[in-house]
Amino acid sequence: MSSVLLEVVTPERLVVSEQVNFITVLTGGGELGILPHHAPLAATVKPCIVKVRTDAGEDYINVNGGFLEIQPDKVTILADAAELASMIDVARAQAAKERAERRLAQREGVDVLRAELALQRALRRLEVVELSGKAGNVLGSGNQK
Ligand code: ATP
């Protein structure tokens, strides 16, 4: 099957650099499915779980939001923060989830939006670990064909 190079980059590291067959990402304009040889495009990326299909199966990446650049042979996501399941500290995400839930349960002196966003980041990380584990942790594990 034809493929395109996916690179997910944060200010700290190169999270993913692999040939993939299909990518689904939430952009400012809505959900976008990207096949190899897609027309050039630039877009903002909303906080989301990026879904990737490779010859070896599916995998999932947590992306906190950023920018997307599509070229026919390369898709680059520049993210504030991004992780594969193998990079996610589950205990930390669980603690962040519980902290945000405690804050949201308080009635006064809480920045509700900030707590909501923190809760969503934690829930996305936990979901990536679960989805990726079920799918076999394809990316970054040498599972690629
Ligand atoms: P926390 O409250 O645990 O710091 P956060 O959602 O506020 O979580 P972010 O601002 O999204 O954290 O990310 C800051 C940095 O920490 C990024 O490099 C991100 O990849 C990393 N990070 C955050 N949570 C985790 C986690 N559970 N496991 C691994 N890395 C994480």
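1. N21 lies in the loop between β2 (14–20) and β3; strands here are DSSP runs (E, at least two residues), as helices are (H or I, at least four), numbered from the N terminus. This is a predicted model, in which local features need pLDDT of at least 70, side-chain atom pairs count only at pLDDT 80 or more, and totals for chains, interfaces and linings use all residues. Residues are numbered from 1 along each chain as its sequence is written, and side-chain values use heavy atoms, leaving out hydrogens and water.

2. Is N21 buried or exposed? With a relative accessible area of 4%, N21 is buried (under 20%; exposed is over 50%, partly exposed in between; 1.4 Å probe, protein chains only).

3. The N21 side chain reaches the backbone oxygen of S2 at 3.2 Å. Contacts of N21 (heavy atoms within 4.5 Å), leaving aside neighbours within four places in sequence, include M1, I34, P36, R53 and D55.

4. R53 also has a place in the strand pairing: R53 stands opposite E58 in β7. Strands β6 and β7 (residues 57–63) run antiparallel, joined by 7 bridges, and form a hairpin with 2 residues between them. Pairing here requires that DSSP finds at least two bridges between two strands.

5. Strand β3 (residues 22–27) pairs with β6 too, in the antiparallel sense over 3 bridges, and I23 stands opposite V52 in β6. As for cover, 5 of the 7 residues of β6 (residues 48–54) are buried.

Technical notes
A polar contact is a pair of N or O atoms within 3.5 Å; within protein, one must be able to donate a hydrogen and the other to accept it, and residues adjacent in sequence count only if both atoms are side-chain atoms.
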